[in-house]
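The sequence and structure come first.

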Amino acid sequence: MRKIVLIGLVCAAPLVLGTLAYVFRWSPGETSNYGELLPPRPVSGVERGKWALVVFDSAACDAYCERKLYTIRQLRRAMGKDMDRVERLWVLTDGGRPRAEILPGIEGTRLAAFAPGEFPGNARDHIYLVDPQGNLMMRFPRDPEPSKMIKDLERLLKYTPRPR
């Protein structure tokens, strides 16, 4: 009889504990990711099969814009052997052409021109991350900490299969 009661308690424990956690609004604590997770939504203009770091700015590219472009270039390089799985995309918000002196620093960054409406918030203030299926999934804050961004990217690359 004791064994049956013990089995019943073991089976009922997850249900009881889960209900109590829900009723008392228990939270497991801080998330392990640095970037803000966004509800997935398809994004046009991004190469499928690769993670994409996306920044929005005008072609004039002020100092803040240059910092964002430098950050995404360094993030990609920090991925080491997986850097070929990450692309950089600069969305030009004004349809202009970047200054000639900035071009050597952005080599390998794809330029695009599409509406920032697909991206939540003030698109210029964030660095966005798009997954290999072409879905927007995360954004990083204004003036992000690159070391924390690297951890997020490394974790994502670790748990997603390499394209064939």
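## Fold and overall form

Helices (H or I, at least four residues) and strands (E, at least two) are DSSP runs, numbered from the N terminus. This is a predicted model, in which local features need pLDDT of at least 70 and side-chain atom pairs count only at pLDDT 80 or more, while totals for chains, interfaces and linings use all residues. Residues are numbered from 1 along each chain as its sequence is written, and side-chain values use heavy atoms, with hydrogens and water left out.

From the N terminus on, the elements of the protein chain follow the order α-β-β-α-β-β-β-β-α. The radius of gyration of the chain, taken over C-alpha atoms, is 21 Å, well over the 15 Å that the globule rule (2.2 Å times the number of residues to the power 0.38) gives for 164 residues, so the chain is more spread out than a compact globule. Its C-alpha trace spans about 85 × 35 × 25 Å along the principal axes.

## Burial

Of the 164 residues in the protein chain, 37% are buried, where buried means under 20% relative accessible area, exposed over 50% and partly exposed in between (1.4 Å probe, protein chains only).

## Two positive phi values

Most residues other than glycine have a negative phi. Cys61, although not a glycine, has a positive phi of about 50°; this residue is found in the loop between strand S2 (51–57) and helix H2 (63–78), and because its relative accessibility is 2%, Cys61 counts as buried.

Asp143 also has a positive phi, near 50°, and lies in the loop between strand S6 (135–140) and helix H3 (146–159). At 46% relative accessibility, Asp143 counts as partly exposed.
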